[in-house]
Amino acid sequence: MIAADAVLVGSRTADTIFSVWHPEMVDLRQTWGLARHPIQIVATRRGVDLDRGLLFNAPDVPVILLAESDGALT
């Protein structure tokens with residue numbers, strides 16, 4: 001995951017931020033020109049509550065939400 005541009009998870013796992021936390025790994029990502037956190041891609045059929053959990057409320061963590069039309073939020 002140190003060199004990952006993005007990680008893909010299902011909506012049931014979306015309460016976790018997948019990233020590197022050890023200072024040396026963070027520095028290595030920076031050396032490679034990568035962002036602090038890889039893009040978090042969340043796939044869902046039912047939708048997710050964007051007001052709950054850290055993932056959707058951490059401004060420095062980029063998130064892409066993939067949903068079917070029935071699970072899309074309005």
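**Close-up views of a predicted model**

**View 1. Pairing of β1 with β2 in the sheet.** Strands β1 and β2 run parallel and are joined by five bridges, where strands are DSSP runs of E with at least two residues, numbered from the N terminus, and two strands pair if DSSP finds at least two bridges between them. The model is predicted, so local features are described at pLDDT of at least 70 and side-chain atom pairs at pLDDT 80 or more, while totals for chains, interfaces and linings use all residues. Residues are numbered from 1 along each chain as its sequence is written, and side-chain values use heavy atoms, with hydrogens and water left out. Within this pairing, Leu 8 has Ile 41 of β2 as its bridge partner.

View 2. The open sheet has the strand order β1-β2-β3, with parallel pairing. Because β1 (6-10) and β3 (63-67) each have a single partner strand, they stand at the edges, and one side of each is left without a neighbour in the sheet. Strand β2 (residues 39-44) pairs with β3 in the parallel sense over five bridges, and Ile 41 stands opposite Ile 64 in β3.

View 3. Pro 38 lies in the loop between α1 (23-31) and β2, and it counts as buried because its relative accessibility is 1%. Pro 38 and Asp 15 are 23 residues apart in sequence and 15 Å apart in space, C-alpha to C-alpha. Thr 44, which lies in strand β2, is likewise buried, with a relative accessible area of 6%. A polar atom of the Thr 44 side chain lies 3.2 Å from the backbone nitrogen of Arg 46.

**View 4. The lining of the largest pocket.** A pocket is an open set of points on a 1 Å grid over the protein atoms alone, where a 1.4 Å probe fits, with protein on both sides within 12 Å along at least five of seven lines; lining residues have an atom within 4 Å of a point. Residues lining the largest pocket include Ser 11, Arg 12, Asp 15, Asp 49, Arg 52 and Phe 56.

Note on methods:
Helix = DSSP H or I, 4+ residues; strand = E, 2+ residues; numbered from the N terminus. Buried < 20%, exposed > 50% of the residue type's maximum accessible area, 1.4 Å probe, protein only. Polar contact = N/O pair within 3.5 Å; in protein donor to acceptor, adjacent residues only side chain to side chain.
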